[in-house]
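Have the model open as you read.

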Amino acid sequence: MKINHIFQRSMRMAAAVAAALTMTFQSCDFLERQPYDKVDPTVEVTDDIALAMANACYRTLQSSNMYNQRLWCLDIVAGNSNVGAGGGTDGLETVQAANFTTLSDNGMALYMWRSPWVGIGQCNILIQSMETAEGLTEAIRNQCLGEALFLRAHYYFVLVRLYGAVPTRLTPYEPGTSTAIARDAIENNYKNIISDLQRAAELLPMKQEYAPADLGRATKDACYTELANVYLTLAGHNLSINGMSNEDYYKAVVDLCTDVENMG
């Protein structure tokens, strides 16, 4: 009798659990998460969506592997300051980089390599969307496309200065395609950086044309300043990009900085 009672009670409990699960699955409306890697082509890209996508392109800059920590640690690597760590292994990766003794497991070298690619991926998605989206005002399209081009150039500029020649990916990643991309020629890296900055400068407004709430976004002034920095970097590397000589680079730097001054 006791065994039969336990069996009956177990059956009632199982039936109750099954009924509860049935009600749960019937009442839940699960999210459709496809596609994972791009803007859903069935969704109209409005001005608000475009601005949100542009904001996402900036997010990588704030990571600890970029401007929230590791990039400003390059001041230590350059020998301009010292690690003020707490002892032990604290700050060891930065000391190794400063002493040119980094190995493949060095966190600073590894994650400063990985992080810009996240930003580049976001920029590629936005650039492709801006070039095909139909439901946008022209001002927002130009602004968001210009910001994405500026930021993609900046992420690549960080990479080539730290690692030399890097792979080129100017379109969103397609699932199923190879991720094993060979390094491109550094001349091509710089050509793409310069092209993106020049195109962005044509699309973006000047800083003084932005409303206070938008200050901090990429501007025409920022494009000219970054391009001047690129030319100044190239002048010290004896790399002729687009047929420019060292003298051409220095002249371009002066002209660009003068333009920025004239913008106020």
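W113 and W117 sit four residues apart, about one turn of the helix, and both belong to helix α5 (residues 107-132); helices here are DSSP runs of H or I with at least four residues, while strands are E runs of at least two, numbered from the N terminus. Keep in mind that this is a predicted model, where local features need pLDDT of at least 70 and side-chain atom pairs count only at pLDDT 80 or more, while totals for chains, interfaces and linings use all residues. Residues are numbered from 1 along each chain as its sequence is written, and side-chain values use heavy atoms, with hydrogens and water left out.

**The tryptophan pair**
- A search of the whole structure turns up five aromatic pairs (Phe, Tyr or Trp rings, using the six-membered ring for Trp, with centres within 6.5 Å; planes under 30 degrees apart are stacked, over 60 edge-to-face, the rest tilted).
- One of them is W113 with W117: the ring centres are 5.7 Å apart and the planes meet at 65°, so the pair is edge-to-face.
- W113 is partly exposed at 26% relative accessibility, and W117 is partly exposed too, at 22% (buried is under 20% relative accessible area, exposed over 50%, partly exposed in between, with a 1.4 Å probe and protein chains only).

**F157 and its partners**
- F157 and Y190 make an edge-to-face pair, with 6.4 Å centre to centre and 75° between the planes.
- F157 is in helix α6 (residues 138-163) and Y190 in helix α7 (residues 186-203), so the pair ties together parts 33 residues apart in sequence.
- Both F157 and Y190 are buried.
- R161 lies over the face of F157, 3.7 Å from the ring centre (a charge counts as over a ring when NZ of Lys or CZ of Arg is within 6 Å of the ring centre and within 35 degrees of the ring normal).

**Cysteines**
- C144 is buried at 0% relative accessible area, and C73 is buried at 8%.

**Helix α4**
- L92 lies in helix α4 (residues 92-98).
- At 38% relative accessibility, L92 counts as partly exposed.
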